[in-house]
Amino acid sequence: MRYERKVDAQRIERNANFAAALIAQVCGGEVSTGIVDAWPVQEETVQLQLRVKRCQDMLGAPISVEEMQDILHRLGCTVSPAEEGVLYVVVPSFRPDLEREIDLYEEILRLYGMENIPSTLPGGRERIGVRSWHEQVLTRLHGTLRASGLSETQTYAFASPEDLKNLRMDTVAEGEAVELINPLNAEQSVMRQTLIPNLLRSVAFNQNHGVANIALYEVGDVFNTAEGRKQPKERAKLAGVLAGATDASWNRAAQAYDFFDGKGVVENIARELAIPKLRFKALDANEAPQLQPGRGAQVLSGGSVLGWVGEIHPLAAVAFEAEAPVVAFELDLNALEKAASIERETQEVSQFPPVTMDVAFVVDEAVTHEKLLQTMQSAGGNLLDSVQLFDVYRDEERLGAGKKSMAYALEYRAPDRTLEGEEAESAHARLVKKVCGATGAEVRG
């Protein structure tokens, strides 16, 4: 570090004499007269021109010529009087970093004080500034997440090579890690491949310092590479974590965060970005080993994968010293931008009343709500206006082992007329028949 900052060659003789005098004073002896000097190529004195008007424009402050001269004199520079708005500056040999005119501007700004520079907006003539779609999406995301009770955090882009293993994620699917040539330490020797490990460390840090309820999110880039690839692949991600419990109120006790809290945050994002056909597909342990089995889902918009949401596996939470349960989600920012809409589709409130019918299906435990919902929406056609799950019931004696009852409230409505009872009953019968045939369900009496 000493030599990369260079040595002032002009002061070598003075410093050598000073060192010799100290040696004689402390250790005794006599100093020989004369010096031996090997300096084949002497450095020339650096002379710079400083344009006063350009310096004032660049710094955005009306600094006078006298103030500029005073600052430069205090730095050890030799300054000639201004001629036609130009100062001629001779740089001292002990400041080899002053090589260009712009370097003088920086020094003037440093000593003048950045706090003394007035804040101004950049000028633009005949231009209307607009935010890009990327900026609009980010603005909506930040607002939605803050409104959902999450606080933004920023963590290092460096990670440990063991992060994916500790998180129990599929290392093959995530690609190879990008290794740093000169890492700060072994725990930060690769670029992160997911935002979740650092967020879990933030959860652990807060829990260790007595913070019980934690809700954090981060927007950042992740990196991976593959054999033969010249440049790493960089992707923007959005991730969040929830740990602890919801706030208690006068009419409701605090409840520990679970899968549905994370799902609710994702639904808020989709609503504010007007993402169409949002759906959640249940993930099994092989598809998402980082999540608690039965408490994780893939987030999709139609057939496009947006990311995942679920409860972090307890073993993964323990590996990062976080206290479970921890709910997390990670979404692909580019996929969100593509799926988001500028305009929202609106529908007029129907003038015609609905026909409401309830039905309970007895199905195997493996049959998901998503499967039943998709089948009902497909079978109901244009007349099916809404589907609402209102009860899940299990009883081995009445339903049988490995069975469950899922009860739905269905609303049938015609957009242009009052729906007749017979027409609604016919549509309902077709729906029930198709659901039973597609899922093996039985109608519970």
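In this predicted model, helix α3 meets helix α4 through Glu 67, Met 68, Ile 71, Leu 72 and Arg 74 on the α3 side and Leu 104, Glu 107, Ile 108, Leu 111 and Tyr 112 on the α4 side. Sorted by class, this contact comprises 7 nonpolar and 3 charged residues, with no polar ones. The axes of α3, which spans residues 65–74, and α4 come within 10 Å and cross at roughly 95°. An angle from 65 to 115 degrees counts as roughly perpendicular, and α3 is therefore roughly perpendicular to α4.

Helix α2 (residues 52–59) and α4 (residues 101–112) have axes 11 Å apart, at an angle of about 60°. The two helices are therefore oblique to each other, and α2 passes α4 in a right-handed crossing. On the α2 side the contact is made by Arg 54, Cys 55, Met 58 and Leu 59, and on the α4 side by Glu 101, Ile 102, Tyr 105, Ile 108 and Leu 109. The class count for this contact is 7 nonpolar, no polar and 2 charged residues. Ile 108 of α4 is named both in the contact with α3 and in the contact with α2.

Three strands form an open, antiparallel sheet in the order β1-β3-β2. Strands β1 (47–51) and β2 (78–79) stand at its edges with a single partner strand each, so one side of each has no neighbour in the sheet. The pairing of β1 with β3 (residues 86–90) is antiparallel and extends over 5 bridges; within this pair, Gln 47 stands opposite Val 90 in β3. Helix α2 lies across β1 and β3 and runs at about 65° to β1. Helix α4 likewise packs on the sheet, touching β1 and β3, and its direction makes about 65° with that of β1.

The next region is built around strand β11. Strand β10 (residues 291–301) pairs with β11 in the antiparallel sense over 7 bridges, and Ser 301 has Ser 304 in β11 as its bridge partner. The two strands form a hairpin with 2 residues between them, and Gly 302 in the turn has a positive phi of about 65°. Strand β11 also pairs with β12 (residues 326–332), again in the antiparallel sense, over 5 bridges; here the bridge partner of Glu 311 is Val 327 in β12. Of the 9 residues of β11 (residues 304–312), 7 are buried, so the strand is largely enclosed by the rest of the structure. In a regular strand, the side chains alternate between the two faces of the sheet.

With a relative accessible area of 60%, Glu 321 is exposed. The other is a cis peptide bond from Ala 324 to Pro 325, with omega near 5°. Pro 325 is found in the loop between α9 (314–319) and β12.

Four strands form an open sheet with antiparallel pairing, in the order β14-β15-β13-β16. Its edge strands, β14 (384–393) and β16 (442–443), each pair on one side only. Strand β13 (residues 355–364) and strand β15 (residues 403–412) run antiparallel and are joined by 10 bridges. One of the positions in this pairing is Met 357, whose bridge partner in β15 is Leu 410. Helix α13 (residues 421–439) packs on this sheet, touching β13, β14, β15 and β16, and its direction makes about 15° with that of β13.

How values were computed:
Residues numbered from 1 in each chain as written. Predicted model: local features only at pLDDT ≥ 70, side-chain atom pairs only at ≥ 80, totals over all residues. Heavy atoms only, no water. Buried < 20%, exposed > 50% of the residue type's maximum accessible area, 1.4 Å probe, protein only. Pairing = 2+ DSSP bridges. Contact = heavy atoms within 4.5 Å. Axes fitted to C-alpha atoms, helices over the stretch in contact; angles between N-to-C directions. Parallel < 35°, antiparallel > 145°, perpendicular 65-115°, else oblique. Left-handed = near helix turned anticlockwise from the far one by under 90°. Nonpolar A, V, L, I, M, F, W, Y, C, P; charged D, E, K, R; others polar.
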